[in-house]
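Hello,

Here is the structure I promised to pass on to you. Have a look at it first, and then read on for what turned up.

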Amino acid sequence: MKKRPDEEPDEALTVTEPKAWAAGVPAVAHALQYSLRQTSARRAGETLLTMNQVDGIDCPGCAWADPAPGRRHRNEYCENGAKHINDEATTRRVTADFFREHPVSELAGRSDGWLNQQGRLTEPMVKRPGSDFYEPISWNDAFGLMAEELTALDSPDEAVFYTSGRAGNEAAFTLQLFARALGTNNLPDCSNMCHESSGYALHETLGTGKGTVSLHDLHHADLIFLVGQNPGSNHPRQLSALEEAKRNGARVIAVNPLPEAGLRRFRNPQTPRGVIGPGVQIADRFLHIRSGGDLALFQGINRLLLEAEDARPGEVLDRDFIRTDTAGFEEFAAHVRGVDWGDILASTGLTREEIEQTRDEVLRSERVVVCWAMGITQHKHAVPTVREIVNFLLLRGNVGRAGTGPCPVRGHSNVQGDRTMGIWERMPDSFLDALQREFGFDPPRAHGLDSVNAIRAMREGRVRFFLGLAGNFVRAAPDSAVTEQAVRRCRLTAHISTKLNRSHTVCGESALILPTLGRTERDVQASGEQFVTVENSMSEVHTSRGRLRPASPLLLSEVAILSRLARRTLGGESGIPWEEFEADYGAIRDRIGRIVPGLHDYNRRVIRPGGIQLTNPVNEGVYANAAGRALFTRNVCEVLRAPEGHLLLQTLRSHDQWNTVPYTSEDRYRGISGSRRVVLVHPDDVAALGLAAGQNVDLVGVWDDEVERRAEDFRVVPYPTARGCAAAYYPETNVLAPLDSVAEKSNQPAYKAIVVRLEPRAVPPEPMM
């Protein structure tokens with residue numbers, strides 16, 4: 001079979017049995033192999049031994065919390081974190097010669113992995129109107145080009161400023177300050193595409209957009225639900241926390257359409273038991289749920305808990321907590337009692353016995369934590385699903401107490417910190433009022449554009465300028481063809497980046513690549529060496545300090561790029577000390593400390609070992625929502641049914657992948673090697689659809705418009721998914737997620753439960769090795 005041009009390297013697809021455990025010695029070996037292909041042993045050691053240590057480099061990958069100072073291992077990182085940090089520390093370089101040899105049109109046909117493997121960007125580049133090549137540009141001219149475009153806009157709302165979680169707090173605060181001083185709240189971010197549904201539902205029900213759980217809570221829970229997440233690949237250090245919880249007697253229930261290795265058993269490579277022993281069983285119970293069935297599952301559990309309370313009044317529910325701290329219980333209870341068991345079983349694909357056994361686990365547990373990730377949030381009904389999880393926790397008072405609570409597990413290093421710093425298109429008036437008091441200008445009050453609405457606005461010609469601070473917006477976004485067409489309508493697109501990615505190949509009329517320091521690198525400004533701060537998933541704010549020499553003398557820090565752009569665009573009119581901010585990040589933190597609750601005396605407190613623990617009002621019995629109490633909600637469950645001959649597809653990461661960037665074509669925990677263009681289908685569904693293992697198919701999306709969305713040339717891999725469901729890797733399958741298919745209320749793209757048919761291609765099936 002002829003390979004697509006974006007499939008590199010050209011390897012044969014190999015499929016073996018999925019692994020029954022995660023990590024162990026192979027994880028160490030793979031991490032070192034990849035690291036040493038990117039950089040020297042000395043540089044790899046320098047990054048790894050300081051990674052996630054006090055006054056060291058915060059992992060640029062996931063946002064999992066670090067153990068307390070004094071309890072951290074000397075090697076406080078996971079396989080994927082080691083790969084990610086040394087992927088950034090690579091000695092490979094992308095120079096002006098590279099861009100002279102590779103036109104944009106060629107680069108656009110390359111794979112995400114190939115683009116990433118070219119190395120670090122080294123100097124600012126520009127693509128002029130009508131040209132197919134990037135060419136060097138001075139920093140001065142690059143700032144001039146952007147400032148000229150921004151000042152020529154008919155309205156500041158014709159500009160969009162996107163941020164990913166790779167940015168530190170200081171850069172995020174600087175960006176939102178510049179955007180609002182310019183006059184717009186168009187501040188979409190990667191949270192719009194991963195956990196916006198969590199934030200919306202938690203704000204509504206508990207009055208906070210963040211989880212309430214600490215590592216200590218997780219360690220001392222009696223029962224932990226892992227719902228719609230794959231910690232073995234996406235946040236492997238969570239497995240160490242689960243291992244400690246298991247040692248303390250916790251039981252774990254995994255809820256997932258795929259039986260991931262990290263949900264089954266963990267062999268901790270930092271312990272003898274993990275190296276030569278069997279490791280630790282993680283999931284005591286595995287619920288092999290249909291995609292999108294989680295809302296029905298928790299409604300079924302909640303109904304069973306109410307019925308258990310009927311049978312044993314006062315022994316099941318926390319009646320005192322419900323009376324003093326909640327609202328809406330009676331309406332919720334009446335609704336859940338009426339939920340049809342047939343719908344629950346059809347939605348989940350589970351038996352009633354499995355759900356009743358889960359209820360029994362709950363009844364035996366005094367302290368319960370529910371963790372979830374994008375397997376929950378990227379559904380059309382994501383917000384009601386998270387609300388139903390909150391209902392479940394409220395019934396037995398599993399909120400605000402030690403060892404309990406909701407735990408949305410965020411997948412990018414500082415995405416939660418970005419939001420704390422004001423990166424949100426709908427920041428509350430209290431934050432905007434504080435900006436006004438501090439800087440003397442009136443920030444815009446009208447809500448801005450989130451990620452989906454920014455794409456719509458670009459498509460309609462209402463946005464002319466796009467600036468991306470880190471990330472890979474084009475590949476992270478849904479409806480790939482529509483997104484690319486929309487971005488190309490901009491007059492100027494600019495990306496502050498460390499490495500080459502697909503967004504650099506999807507250009508506006510003019511395009512800029514603005515190379516920046518990585519988190520691994522020393523950042524020296526006029527006042528001396530700087531550090532940045534980040535916030536993890538558990539609301540801990542701490543420092544990150546780079547150690548390596550910058551990849552190029554022409555790199556500028558994110559703060560420097562944004563401060564210089566602001567000075568060039570706004571001049572001295574804003575009265576904001578941009579030059580001082582660039583020279584000393586402590587000056588930024590001083591202002592943050594006067595604006596953001598909980599970060600007072602920021603500079604002094606954040607350098608203490610462990611940094612600053614932001615308090616969550618819920619843990620103090622305060623609910624800052626409209627009800628002033630924790631809110632029970634009524635949530636309608638719709639059974640997701642694919643038409644005959646169709647499947648419900650979820651997009652997911654491979655193991656050897658970080659966000660949109662695959663490092664290799666390996667997915668060893670799932671037993672897949674050599675290609676990413678695979679679709680995982682239950683063997684019974686393969687047979688029922690008249691397909692064969694290894695057969696080449698197109699994935700054709702079914703949506704209620706007249707546009708055919710097609711992901712071409714995938715290989716069928718029989719896999720123990722839930723019946724009627726399938727899975728394939730993103731970003732290759734983002735093309736199948738319609739722009740208008742979004743979560744209700746949160747407007748988050750629905751990358752899960754996409755209705756697809758598998759259309760055979762006119763080639764015979766190839767054998768799988």
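Let me begin with helix 26, whose buried residues are covered by parts that include helix 24 (451-459), helix 25 (473-476) and strand 17. Please keep in mind as you read that this is a predicted model. Helix 26 spans residues 480-487, and six of its eight residues are buried, so that the helix is mostly covered. The buried ones are Ser480, Val482, Thr483, Glu484, Ala486 and Val487.

**Strand 17 and its sheet**

Which strands does strand 17 pair with? On one hand there is strand 16 (residues 465-469), which runs parallel to strand 17 and is joined to it by five bridges. In that pairing, Leu469 stands opposite Ile496 of strand 17. On the other hand there is strand 18 (residues 510-515), also parallel to strand 17, with six bridges between them. Here you can find two facing pairs: His495 stands opposite Ile513 in strand 18, and Ser497 stands opposite Pro515 in strand 18.

These three strands belong to an open sheet of six, in the order 6-5-18-17-16-7, with mixed pairing. Strand 6 (134-136) and strand 7 (159-163) are the edge strands, each pairing on one side only. Neighbouring strands in this sheet are turned against each other by 15 degrees on average, ignoring direction.

Two helices meet this sheet. Helix 8 packs on it by touching strand 7 and strand 16, and the direction of helix 8 makes about 170 degrees with that of strand 7. Helix 27 lies across strand 16, strand 17 and strand 18, and runs at about 155 degrees to strand 16.

**Helix 8 and its two partners**

Those two helices also pack against each other. Helix 8 and helix 27 (residues 558-570) have axes 9 Å apart and an angle of about 15 degrees between them. That is why helix 8 counts as roughly parallel to helix 27. Their crossing is left-handed. From helix 8, the contact uses Glu170, Ala171, Thr174, Leu175, Phe178, Ala181 and Leu182. From helix 27 come Glu558, Val559, Leu562, Ser563, Leu565, Ala566, Thr569 and Leu570. Sorted by class, this contact of helix 8 with helix 27 holds 10 nonpolar, three polar and two charged residues.

Helix 8 (residues 169-182) has another partner in helix 23 (residues 429-439): their axes come within 12 Å and cross at roughly 85 degrees. Helix 8 and helix 23 are therefore roughly perpendicular to each other. On the helix 8 side, the contact is made by Phe173, Gln176, Leu177 and Arg180. Helix 23 supplies Phe431, Leu432, Leu435 and Phe439. The residues of this contact between helix 8 and helix 23 are six nonpolar, one polar and one charged.

Strand 10 (residues 265-267) runs antiparallel to strand 11, and two bridges join them. Within this pairing, Arg265 stands opposite Gln281 of strand 11.

Is Ala327 buried or partly exposed? Its relative accessible area is 24%, so Ala327 is partly exposed. You will find Ala327 in strand 13 (residues 326-327). Ala327 lies 304 residues from Leu631 in sequence, yet their C-alpha atoms are 5.0 Å apart in space. Apart from neighbours within four places in sequence, the contacts of Ala327 are Ala627, Arg629, Ala630, Leu631 and Phe632.

Happy browsing, and write back with any questions.

Best wishes

Terms used
Residues are numbered from 1 along each chain as its sequence is written. This is a predicted model: local features need pLDDT of at least 70, side-chain atom pairs count only at pLDDT 80 or more; totals for chains, interfaces and linings use all residues. Side-chain values use heavy atoms; hydrogens and water are left out. Axes are lines fitted to C-alpha atoms, for helices over the stretch in contact, and angles run from 0 to 180 degrees between N-to-C directions. Helices (H or I, at least four residues) and strands (E, at least two) are DSSP runs, numbered from the N terminus. Angles under 35 degrees count as roughly parallel, over 145 as roughly antiparallel, 65 to 115 as roughly perpendicular and the rest as oblique. Contact means heavy atoms within 4.5 Å. Ala, Val, Leu, Ile, Met, Phe, Trp, Tyr, Cys and Pro count as nonpolar, Asp, Glu, Lys and Arg as charged, and the others, Gly among them, as polar. Two strands pair if DSSP finds at least two bridges between them. A crossing is left-handed if the near helix is turned anticlockwise from the far one by less than a right angle, and right-handed if clockwise. Buried means under 20% relative accessible area, exposed over 50%, partly exposed in between (1.4 Å probe, protein chains only).
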